[in-house]
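Reader: Hi! Could you walk me through this one while I have it open?
Author: Happy to, go ahead and ask.

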Amino acid sequence: MSAPIPPPLLAAGERALVVGLGRSGLALARFLSAGGIPVRVCDRLPPERLAEPLGALPEGTEVVQGSGPEVLKGCAAVFVSPGVPWDSELLERARTLGLPVSSEIDLFFRLCPAPIVGVTGTNGKTTTTAMVGRVLQRGQRPVLVGGNIGDTVLDRLEEVTPDHVVVLELSSFQLESCARPRPWLGVVLNLTPDHLDRHRTLEAYARAKARLIRFQAADDVALLNGEDPGSAALAPLAGGRVLWFDRHRPLPAVPLPGRHNLLNALAAAAVGRLAGIPEEEVGEAIRTFAGVEHRLEPVGEWGGVRWVNDSKA
């Protein structure tokens, strides 16, 4: 792997623990192993339910079942899948021992050589992220879209150059696992109660979302939604300039139904304009955007009834 693991997370030869064997955990194991880091992985699920991911692990990976304190022995850093609670007993023990705790998205932010556009919010993240990608593809720079959508981005880090623009859909779980996420543009679409089984309070959930814009520099931009009280309330926390995407004009022609999709399109259009995409290209990219599977996706019309697949709702 061409990009080295930066200090102070690991020194050469130190062992890393990867917690959770989902897609993100597999990407972490592959990336760390390719960088010459000995890797131990652990998961609470029994081996018979992990046959596929176990078969995809790099050769030489140590596998441990469970998440007791013994899995930390001999490890110098811990890397966590998004599904693992950030305040879990294992991670708290690691912090008590002075071990850095990181994640796939944290590593990507640390190592990505290209400017990043981050998109978060309670609703509309996937549609807006995909739409932003379509708009930016009308420009001169190559575009990579990932995060909570599509392929794991750590697996694609090698292809990213300083000439790229990276668009990341970011969940609250991913944001809380990043030490200092700093997108060039941070888009917060809306904020309503969600994932309170994990975050426990709306305030904690909002703090996790606010991390997208908290660490921005003065020349970065937070794109917020003035129509949404939750998004608007984050303005004082932004490290960079605050702009209101709901006020961006002209209004794009949006083929998707609903006021929420107009707001999603306004956010995508604002990103495109800030990236220097010509207005006619911004409008055409949005006008021809067909939407995302399972999100108000037209299926057909029979007997005078229109059928729509909105199963992600």
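Author: One definition to start: helices (H or I, at least four residues) and strands (E, at least two) are DSSP runs, numbered from the N terminus. This is a predicted model, where local features need pLDDT of at least 70 and side-chain atom pairs count only at pLDDT 80 or more, while totals for chains, interfaces and linings use all residues. Residues are numbered from 1 along each chain as its sequence is written, and side-chain values use heavy atoms, with hydrogens and water left out.

Reader: Thanks! Which strands does helix 4 lie across?
Author: Helix 4 (residues 104–111) lies across strand 6, strand 7 and strand 8 (165–169), and runs at about 160° to strand 8. Contact means heavy atoms within 4.5 Å. For angles, axes are lines fitted to C-alpha atoms, for helices over the stretch in contact, and the values run from 0 to 180 degrees between N-to-C directions.

Reader: What's the strand order in the sheet of 6 strands?
Author: The order is 7-8-6-9-10-11, in an open sheet with parallel pairing. Strand 7 (143–147) and strand 11 (241–244) are at the edges with a single partner strand each, so one side of each has no neighbour in the sheet. Neighbouring strands are turned by 20° against each other on average, ignoring direction. Two strands pair if DSSP finds at least two bridges between them.

Reader: And how many bridges link strand 6 and strand 9?
Author: There are 4 bridges between strand 6 (residues 116–120) and strand 9 (residues 185–188), in the parallel sense. Gly118 is opposite Gly186 of strand 9.

Reader: What about the sheet of 5 strands, what's its order?
Author: That open sheet has the order 3-2-1-4-5, again with parallel pairing. Strand 3 (62–65) and strand 5 (101–103) are its edge strands, each pairing on one side only. From one strand to the next, the twist averages 30°. Helix 4 packs on this sheet too, touching strand 4 and strand 5, with its direction at about 85° to that of strand 5.

Reader: How many bridges join strand 4 to strand 5?
Author: Strand 4 (residues 75–80) and strand 5 run parallel and are joined by 3 bridges. Val80 has Ser103 as its bridge partner in strand 5.

Reader: Switching to helix 10: where does it lie?
Author: Helix 10 (residues 259–274) lies across strand 6, strand 9, strand 10 (221–224) and strand 11, at about 155° to strand 10. Of its 16 residues, 13 are buried, so helix 10 is largely enclosed by the rest of the structure. Here buried means under 20% relative accessible area, exposed over 50%, and partly exposed in between (1.4 Å probe, protein chains only). After helix 10 comes Gly276, which has a positive phi near 85°.

Reader: How many disulfides are there?
Author: The search of the whole structure finds 0 disulfides, a disulfide being a pair of cysteine sulfur atoms within 2.5 Å. For Cys75, the nearest cysteine sulfur belongs to Cys42 and is 8.6 Å away. Cys75 is buried at 8% relative accessible area.

Reader: Last one: is Ser33 buried, exposed or partly exposed?
Author: Ser33 counts as partly exposed, with 26% relative accessibility. Ser33 is in helix 1 (residues 23–34). Not counting residues up to four places away in sequence, Ser33 touches Val39, Pro58 and Thr61.
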